Amino acid sequence: MSAPGQSRGGRPAVLSREKIIAAALAVIDADGLEALSMRKVGERLGVEAMSLYRHVPNKAAMLAAVVDHLAAQAAVRLPAATAWTDALLDFGHHYRQVLLAHPAAVPLLATHPVSPEVGAQLLGQILATVDLGETSLEDVQLAFQSVAVFTLGHALAQVGTPPGRREAPQQADAGYYDTWFETGLSALHRGFMAAHPTRHG
């Protein structure tokens, strides 16, 4: 058996927190959320599980890191002076793409919220270049949070497995879910434009 921090081939393993998070997400994508363990991640990286604890203290911390990692992928940067109400649409579409690319991880995001520090940082990145017009920053933040919650809930409805079904409805009913999402997102967009009509691009 190889020593902690050493690959099974005998070479010292070059580990990092980023590589561990990527491997954890790969395990979730391939085998499902229930299959994630320190041992599974170690196997994917070719190291003993004990090597991981130098970078991630436990499985709970690993799950939290995966959530923050996926949230970071949704923090799309927009062209300068984009009206914030238009940015809502771009954000919703991009976030949904991230979620549907990792369907097995969607329940994790639904039950493990992004850490407040990371959430504030990511939202700040999204809003860094948008035009707030005459709308307060607090109102814009609430609008983006509302779109994020809608998008996550919709993705969970699409990729989750309803009672009585063995598979998620994603593939067979993809067109239906696309239409449903666009209808809901458009309704949110129109609602925020109506609530803040002074400058919405």
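1. Start with the Arg-39 and Glu-43 pair: their side chains meet in a salt bridge, 2.6 Å from N to O. For the record, a salt bridge here is a side-chain nitrogen of Lys or Arg within 4 Å of a carboxyl oxygen of Asp or Glu. The two residues sit four apart in helix α2 (residues 38-45), so about one helical turn separates them. An α-helix has 3.6 residues a turn, so residues three or four places apart point the same way. Glu-43 counts as partly exposed because its relative accessibility is 40%. The cut-offs are under 20% relative accessible area for buried, over 50% for exposed, and partly exposed in between, with a 1.4 Å probe and protein chains only.

2. Keep the provenance in mind. This is a predicted model, where local features need pLDDT of at least 70 and side-chain atom pairs count only at pLDDT 80 or more, while totals for chains, interfaces and linings use all residues. Residues are numbered from 1 along each chain as its sequence is written, and side-chain values use heavy atoms, with hydrogens and water left out.

3. On the overall fold: the protein has eight helices and zero strands. Helices (H or I, at least four residues) and strands (E, at least two) are DSSP runs, numbered from the N terminus. Of the 201 residues, 40% count as buried. Among contacts with a separation of 6 or more, 71% come from residues 24 or more positions apart; a contact means heavy atoms within 4.5 Å.

4. How many salt bridges are there? The count comes to three. Another of them joins the side chains of Asp-31 and Lys-40, at 3.8 Å from N to O. Asp-31 is partly exposed at 42% relative accessibility, and Lys-40 also counts as partly exposed, at 26%.

5. Then look at Arg-96, which forms a salt bridge with Asp-178, the closest N and O atoms being 3.0 Å apart. Buried or exposed? Arg-96 is buried, with a relative accessible area of 10%, whereas Asp-178 is partly exposed at 35%.

6. Helix α4 itself passes a geometry check. At 1.5 Å a residue, its 18 residues should span 26 Å, and the end C-alpha atoms are 25 Å apart, which agrees; the expected span is 1.5 Å times one less than the number of residues. The buried residues of α4 include Trp-84, Phe-91, Tyr-95, Arg-96 and Leu-99. What covers the buried residues of α4 includes α3, α5, α6, α7 and α8.

7. Among the buried residues of α7 are Val-140, Phe-144, Ala-148, Leu-152 and His-154. The buried residues of α7 pack against α4, α5, α6 (116-127) and α8 (174-195). Ala-157 also lies in helix α7, but counts as partly exposed, with a relative accessible area of 32%. Ala-157 and Pro-107 are 50 residues apart in sequence and 9.8 Å apart in space, C-alpha to C-alpha.

8. Now the pocket. On a 1 Å grid over the protein atoms alone, a pocket is an open set of points with protein on both sides within 12 Å along at least five of seven lines, a cavity is a set where a 1.4 Å probe fits but cannot get out, and lining residues have an atom within 4 Å of a point. Grid points are joined across faces, edges and corners, and a volume is the space filled by probe spheres set on the points. About 520 Å³ of space lies in the largest pocket. Its lining has 22 residues, of which Ala-71, Tyr-95, Val-114, Gly-119 and Ala-148 lie nearest the centre. At least two lining residues come from each of α3 (59-74), α4, α5, α6 and α7. The lining divides into 18 nonpolar, four polar and no charged residues. Here Ala, Val, Leu, Ile, Met, Phe, Trp, Tyr, Cys and Pro are nonpolar, Asp, Glu, Lys and Arg are charged, and the others, Gly among them, are polar.

9. Finally, the cavity count: one of 30 Å³ or more. The lining of the largest cavity is Leu-70, Val-98, Leu-99, His-102, Ala-105, Val-106 and Leu-109. The elements giving two or more residues to this lining are α4 (84-101) and α5 (106-111).
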